[in-house]
Amino acid sequence: MAPARSSHHFRHSMLSLFVALATLVAAARAQLSPTFYASSCPAALVTIKTAVRAAVLLDRRTAGSLLRLHFHDCFVQASPGCDASVLLDDTGNFTGEKGAGPNAGSLRGFGVVDTIKALLEALCPRTVSCADILAVAARDSVVALGGPSWTVPLGRRDSTTASLSLANSDLPSPASSLSTLLAAFARKGLSSTDMVALSGAHTMGQAQCPNYRARIYNDTDIDAAFAASLRAGCPATGGGGGGAPLDASTPNAFDNAYYGNLVAQRGLLHSDQELFNGGSTDGLVRSYATSPARFSSDFAAAMVRMGGIGILTGSSGQVRHNCRRVN
């Protein structure tokens, strides 16, 4: 009987933690407003949108990169969270997050953010935060590839520090199990539905060979022809190896094909396929695979919730003049 009581206690504790964190996230999000810059910088949103569209036209991969920057920003430093800490370069006082395991050599889009910030500083000096730029650019990137739009609450402030260690510990690994993924999102006040919906961001972007090597050589829950097609560009041992699209079906469109890939056992990352592997999220994956509208709606709602994680508002933090360094 002891194990049963222990399991029940664990589930109850996790539920209590999730409810408490979800309440905190909702309270923080309530401090934001979609019209935050209506008077202080009325051209802010159209400036960001225009710059994102231009960057995505030049390189379709930029859309996935900008979306990933926002996610990797929000998931590090539980309080604060969506605070543009991911953009900070290393200094004598702290080591930034760019060199963390989940980020090193794979995070892109910093130059696009620099361009947007320079445009906004020329229009409205010291007004639009880097954290808000990331949140709006993520939305505009999804729209640029045909995905849903949503209203972005604004008014985030920027952090004055970053954390390499938290970037290494907070961001889920490509080797994560379903239980690890669910726990990681619950710690941020996000539900299992949020987790599965946000994972759909993997309809865009690419992964590097080391992140899926073990899956294509060792996993058994993978389509044999799919695994074979990837092995040629990703050797079993040694360095090197290229990359592959996270969604091989429609790599340059934001759609629900990612979930159809999972049902067909064609998820690129081990952590992707964990969402459809006989566990509690199988039903939701099937639903998203057959209902683009439900996926789009849940994804947009989850992005707003994620964008409220551990934000700085009011007089907390600062509005950086340069997104790469503290004022």
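Trainee: In this predicted model, what share of the contacts with a separation of 6 or more comes from residues 24 or more positions apart?
Mentor: Here we take the contacts in the protein chain with a separation of 6 or more and pick out those between residues 24 or more positions apart. Those pairs account for 76%.

Trainee: And how many helices and strands does the chain have?
Mentor: Let's go through the secondary structure of the protein chain. There are two strands, and the helices number 14.

Trainee: What percentage of the residues count as buried?
Mentor: A residue is called buried when its relative accessible area is under 20%. The protein chain has 327 residues, and the share that counts as buried is 49%.

Trainee: Let's look at the UniProt annotations. Is Asp-73 buried or exposed?
Mentor: Asp-73 is in helix H3, residues 61-74, and the unreviewed UniProt entry lists Asp-73 under "binding site" along with Val-76, Gly-81, Asp-83, Ser-85 and Glu-97. The relative accessibility of Asp-73 is 0%. Because the cut-off is under 20%, Asp-73 counts as buried.

Trainee: How many nonpolar residues are in the contact of H3 with H4?
Mentor: On the H3 side we have Thr-62, Leu-66 and Leu-69, and they meet Phe-110, Val-112 and Val-113 in H4. By class, one residue of this contact is polar, none is charged, and the nonpolar ones number five.

Trainee: Pro-172 is listed as "binding site" in the unreviewed UniProt entry too. Why does Pro-172 count as partly exposed?
Mentor: Pro-172 lies in the loop between helix H6 (164-170) and helix H7 (178-186). Partly exposed covers what falls between buried, under 20%, and exposed, over 50%. Pro-172 counts as partly exposed because its relative accessibility is 23%.

Trainee: Which residues does Pro-172 touch, not counting residues up to four places away?
Mentor: One of them, Leu-181, is also touched by Ser-271, a residue of helix H12 (residues 270-273). Not counting residues up to four places away, Pro-172 touches Phe-75, Leu-181, Ala-184 and Phe-185.

Trainee: Is Ser-271 buried or exposed?
Mentor: Besides Leu-181, Ser-271 touches Ser-173, Pro-174 and Ser-176. Its relative accessible area is 10%, so Ser-271 is buried.

Trainee: Which backbone oxygen does the side chain of Arg-215 reach?
Mentor: Arg-215 is found in helix H9, residues 209-218, and is buried, with a relative accessible area of 2%. Among its contacts beyond four places in sequence are Ile-222, Gln-265 and His-270. At 3.2 Å, the side chain reaches the backbone oxygen of Asp-221.

Trainee: Which helices do the buried residues of H13 pack against?
Mentor: First, the buried residues of H13 are Asp-282, Leu-284, Val-285, Ser-287 and Tyr-288. They pack against helix H8 (192-199), helix H11 (257-263) and H14.

Trainee: How is H13 oriented to H14?
Mentor: Helix H13 (residues 282-290) and helix H14 (residues 292-306) pack with their axes 5 Å apart, at an angle of about 115°. That makes H13, relative to H14, roughly perpendicular.

Trainee: How far apart in space are Phe-295 and Leu-284?
Mentor: Leu-284 in H13 and Phe-295 in H14 are among the residues where these helices meet. Phe-295 counts as buried, at 1% relative accessibility, and is in contact with residues including Phe-254, Tyr-259 and Tyr-288. Phe-295 and Leu-284 are 11 residues apart in sequence, and C-alpha to C-alpha the distance in space is 9.3 Å.

Notes
Residues numbered from 1 in each chain as written. Predicted model: local features only at pLDDT ≥ 70, side-chain atom pairs only at ≥ 80, totals over all residues. Heavy atoms only, no water. UniProt positions renumbered as here; feature names shortened; annotations may be inferred. Helix = DSSP H or I, 4+ residues; strand = E, 2+ residues; numbered from the N terminus. Buried < 20%, exposed > 50% of the residue type's maximum accessible area, 1.4 Å probe, protein only. Contact = heavy atoms within 4.5 Å. Axes fitted to C-alpha atoms, helices over the stretch in contact; angles between N-to-C directions. Parallel < 35°, antiparallel > 145°, perpendicular 65-115°, else oblique. Polar contact = N/O pair within 3.5 Å; in protein donor to acceptor, adjacent residues only side chain to side chain. Nonpolar A, V, L, I, M, F, W, Y, C, P; charged D, E, K, R; others polar.
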